[in-house]
Amino acid sequence: MNPEEQPSSKKTLWIGLGIFFFLLLAGGLVWYFWGGGNTGGVTKLFPFSPSSGEDVPQTDTDRHEIGGDSNGDSGLVAADRLFRQLSLKPVAGAYALKRDGEQYVRFIEKETGHAYEIPLAGGVAEQLTNTTIPRIAIADWALGGNAVLLRYLEEDRYTGRETIKTHLARLNLSSALSSDDVGGLTLDFLPDNIVALSVSPDGKSLFYIIKKDGAAVGSVVNVATKATKEVFRSPFTEWLPQFLNNGSILLSTKPSGAVPGYSYVYDPKTKALNRLVREKDGLTALANASGSRVLYGENVAGNAILNSYDPKGFPGDEGTVFYENIIPINTLPEKCAWLSDNMRVLCGAFNLTPTGLIPDLWYQGRISFNDTFWLANTTSGDVTYLSDPKEETGQTFDVANPLLSEDGAYFIFTNKKDGMLWSMRLPQQVGPETSDTIPEGLSPEELKDAQGSLQAPQ
Amino acid sequence: MKSRNIILGVTMTIGIFFVPNIALGALDLVTFSTNPQTPGPNQPVTVSIQSYAIDLNSSRITWYVDKEAVADGVAEKSIRTETKGFGKTVTINVVIVDAGGARFDKEFLLHPIEIDLLWEADTYTPPFYKGKALPTYKSVVKATAIPRMYSTADDPALFFYEWTINRIQGVGKGLGKGGALIPMKYAGSPVPTTVKVSDPNVEGSARSVTQNILAVEPTVLFYEQAPLLGTVFDRALTGTANTEGTTFRVRATPYFFSNDNMANGELVYTWQKDGATVAVGLNPNSLELGKAGTATQSSKVGLTIQNRSRILQKAGGQVTINFSQE
């Protein structure tokens with residue numbers, strides 16, 4: 001090498017090394033401030049790298065982590081995404097709570113009966129309990145998420161006869177939340193063959209129905225003390241109960257699309273049975289927590305029509321009062337969740353009612369819906385289009401068991417197509433002061449167009 | 001003269017016996033009806049009058065509700081009013097003056113009454129199924145009347161019930177007899193069921209409601225029965241279903257077959273796999289399929305279920321399970 005070239009090459013080398021270390025330092029700073037850090041024990045070195053959607057399980061067998069921050073899309077963190085998958089296995093029931101200032105969801109895995117908890121803003125799910133009970137069909141939460149009713153079928157191996165088993169399970173979480181330990185469940189049995197069950201909104205009581213001597217016998221249980229009292233008896237047995245905050249119970253007849261149904265409010269103290277809704281084909285109903293308003297669905301000429309009922313009435317023109325108000329979206333009340341104002345609901349709604357008996361075909365699993373998400377005002381009947389999950393995630397949802405997070409910022413639901421638990425971050429317009437309204441009388445497709453959606457509905 | 005006396009006598013006799021009867025008959029033939037037939041408390045209701053003896057279309061009719069005039073005019077045959085709460089009565093008076101000037105007064109006591117006629121079929125649906133069990137051929141349906149005349153907490157045992165099933169009156173009646181068993185007919189044939197409820201201590205308190213109960217055909221649906229998930233009732237297997245496993249258990253659910261026959265083992269399950277009849281184990285409602293080798297494989301499964309006691313309760317179905325390549 002020419003001696004005059006040596007200084008030049010050294011200079012180049014130093015420049016190259018300088019650039020290299022600079023990039024290394026910059027990368028380190030980025031990782032430190034915005035990287036994964038220690039999320040539940042899994043340290044993410046490249047937090048923005050796409051993943052397959054599954055976190056690598058911990059080798060520590062005491063913890064099984066699912067969920068995670070990345071779902072295989074562009075690498076957006078959980079807080080930025082509209083939809084987020086919360087579970088990787090089918091879920092029996094979920095509960096939203098606030099703990100240490102953060103929003104969480106607890107859920108029960110169907111296959112194992114294990115309880116998990118996942119933060120809604122981001123992070124992986126943590127296993128809370130390791131008491132294994134397979135084949136959980138339904139999980140109803142109580143006592144602020146510290147107790148859960150686990151319901152499953154026990155089959156006689158010789159006769160094939162099935163018995164409905166119900167556990168009242170208390171979560172033993174003294175150390176699980178603050179360490180890597182996993183707690184367990186303390187189990188109490190409720191009677192066999194409970195045909196219907198509802199937990200009160202405050203989680204302190206539950207109401208269940210069993211059949212005895214051809215009658216429906218309803219009892220209220222104090223979840224904390226397990227004190228049980230029979231409060232209801234009826235020769236008619238096909239009831240679907242919903243326990244309300246004031247201690248009364250909404251009792252609706254089991255629906256079929258071509259059979260008139262009825263909804264009542266039963267007061268266990270006075271034994272009064274007050275009819276709210278009468279003779280609606282395919283009637284399904286969902287009251288707000290206080291019972292001041294009921295969302296109900298009925299079949300009218302093959303269409304699933306959603307209505308709201310208020311026993312005090314809605315003010316009409318010229319001083320008239322009417323008691324029922326049509327909500328112009330096609331859905332079933334059980335695909336909706338009431339907001340805390342007890343006036344608005346968030347729903348997964350389908351565009352067209354399929355042919356056949358609704359809700360029978362849906363309950364039998366013969367049809368599945370592809371829902372879009374809507375906000376509805378049960379007073380005015382106004383509806384607001386929120387989102388189409390097909391556009392956001394590339395997949396479709398059939399909303400079941402919906403609920404809202406404790407702060408009302410997330411809509412949490414099970415996708416009936418595969419049993420997975422999902423959350424949808426709610427846009428600001430859902431807040432009480434910014435609700436958008438659009439003209440009444442438009443079909444869901446027209447409403448979607450009014451919102452500027454580019455994709456034709458399914 | 002004698003003949004004229006006879007005619008006069010006959011005419012007077014007819015007049016004495018029939019004119020009052022016609023007048024009385026006119027009063028009896030003024031009837032009231034309400035829409036709805038059994039209005040609840042504090043509900044708007046239309047009250048109407050009908051008559052076969054008086055031409056109401058040419059009569060001046062005046063309505064009073066609790067002694068207050070609310071409507072007055074020719075052919076004013078109905079009014080809109082509202083019931084009060086349970087235990088309270090609205091007194092409706094109607095004054096009818098026909099074209100000939102004859103006047104008729106009629107009173108009607110409007111009080112709320114709710115009679116709901118609920119029914120349930122003793123047919124099978126799977127545990128946790130939220131829908132209604134539907135009736136099928138010769139299944140038994142239990143009807144229950146829920147009346148409320150004076151309060152929402154009325155004791156149903158205090159009322160008198162008369163049941164008419166399939167137009168046969170007096171099928172069941174009695175004090176506190178608030179339920180009836182109804183044998184169903186063929187699928188598609190409605191069974192009209194009426195219950196008349198009255199307070200035995202109050203004359204004219206009887207009200208009726210009717211429901212037409214329709215039988216359907218039973219149906220069999222297939223579901224996956226997974227070892228840890230249990231039976232996946234959320235998703236019925238229709239047409240074809242794909243699996244990545246090497247075994248797959250198909251569970252058949254016989255919707256709306258009579259429960260008593262199921263409990264007594266009177267349902268006959270005939271399974272077929274790829275066209276050949278297969279034997280099942282102790283529990284006939286499921287069939288386990290297995291895959292031979294690692295290549296893709298399809299198994300076509302068929303099933304018919306026959307109720308030996310109620311022979312028109314029969315259903316069948318088929319599904320194809322595709323095992324993927326390993």
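1. Let me start with the overall form of chain B. Its radius of gyration is 32 Å, whereas a compact globule of 326 residues would have one near 20 Å. The C-alpha trace of chain B spans about 115 × 50 × 35 Å along its principal axes. Please keep in mind while reading that this is a predicted model.

2. The make-up of chain B comes next. Chain B holds 23 strands and two helices. Of its 326 residues, 30% count as buried. Among the contacts in chain B with a separation of 6 or more, 62% are between residues 24 or more positions apart.

3. The domain assignment divides chain B into domain 1 (2-110), domain 2 (114-214) and domain 3 (219-323). Domain 2 of chain B and domain 3 of chain B have C-alpha centres 36 Å apart. Their contact takes twelve residues from domain 2 of chain B and twelve residues from domain 3 of chain B. On the domain 2 side of that contact, the residues divide into six nonpolar, four polar and two charged.

4. Now to the place where the two chains meet. In this model, 39 residues of chain A are in contact with 30 residues of chain B. On the side of chain A that touches chain B, the elements giving two or more residues are strands S9 (136-142), S10 (147-155), S11 (162-172) and S20 (272-281), together with helix H2 (360-363) of chain A. S20(A) provides the largest share, with five residues. By residue class, this side of chain A divides into 18 nonpolar, nine polar and twelve charged residues.

5. One residue worth a look between the chains is Leu229(B). Leu229(B) belongs to the loop between strand S15 (219-226) and strand S16 (230-231) of chain B. Once its neighbours within four places in sequence are left aside, Leu229(B) is in contact with Pro90(A), Lys110(A), Glu111(A) and Arg135(A). Is Leu229(B) buried or partly exposed? Leu229(B) counts as partly exposed because 19 other C-beta atoms lie within 10 Å, and a buried residue would need 20 or more.

6. The interior also deserves a comment. Nonpolar side chains tend to be buried together in soluble globular proteins. Here the largest nonpolar core has 155 residues, and those with the most contacts inside it are Val105(A), Val148(A), Leu206(A) and Trp374(A). Apart from this core lies another of nine residues, among them Val47(B), Trp63(B), Ile96(B) and Leu110(B).

7. S5(A) and S6(A) run antiparallel and are joined by eight bridges. Within this pairing, Lys98(A) stands opposite Gln103(A) in S6(A). The hairpin has two residues between the strands, and Asp100(A) takes a positive phi there. That phi is near 55 degrees, in a residue other than glycine. The loop that holds Asp100(A) lies between strand S5 (91-99) and strand S6 (102-109) of chain A. Asp100(A) is exposed because it has 6 other C-beta atoms within 10 Å, and the cut-off for exposed is 12 or fewer.

8. Phe128(B) sits in the loop between strand S8 (114-121) and strand S9 (140-148) of chain B. How exposed is Phe128(B), and why? It counts as partly exposed because 16 C-beta neighbours lie inside 10 Å.

9. Finally, two cis peptide bonds to inspect by eye. In chain A, a cis bond joins Ile358(A) and Pro359(A), with omega about 10 degrees. Pro359(A) is placed in the loop between strand S26 (344-349) and H2 of chain A, and H2 is one of the elements on the side of chain A that touches chain B. In chain B, the peptide bond from Asn35(B) to Pro36(B) is cis, with omega near 10 degrees. Pro36(B) falls in the loop between strand S1 (30-35) and strand S2 (44-51) of chain B.

Definitions and conventions: Residues numbered from 1 in each chain as written. Chains lettered and ligands numbered in written order. Predicted model: local features only at pLDDT ≥ 70, side-chain atom pairs only at ≥ 80, totals over all residues. Helix = DSSP H or I, 4+ residues; strand = E, 2+ residues; numbered from the N terminus. Contact = placed C-beta atoms within 7 Å. Core = buried A, V, L, I, M, F, W, Y, C linked by C-beta atoms within 7 Å. Nonpolar A, V, L, I, M, F, W, Y, C, P; charged D, E, K, R; others polar. Rg over C-alpha atoms; globule rule 2.2 N^0.38 Å. Domains from an automatic or database assignment. Pairing = 2+ DSSP bridges.
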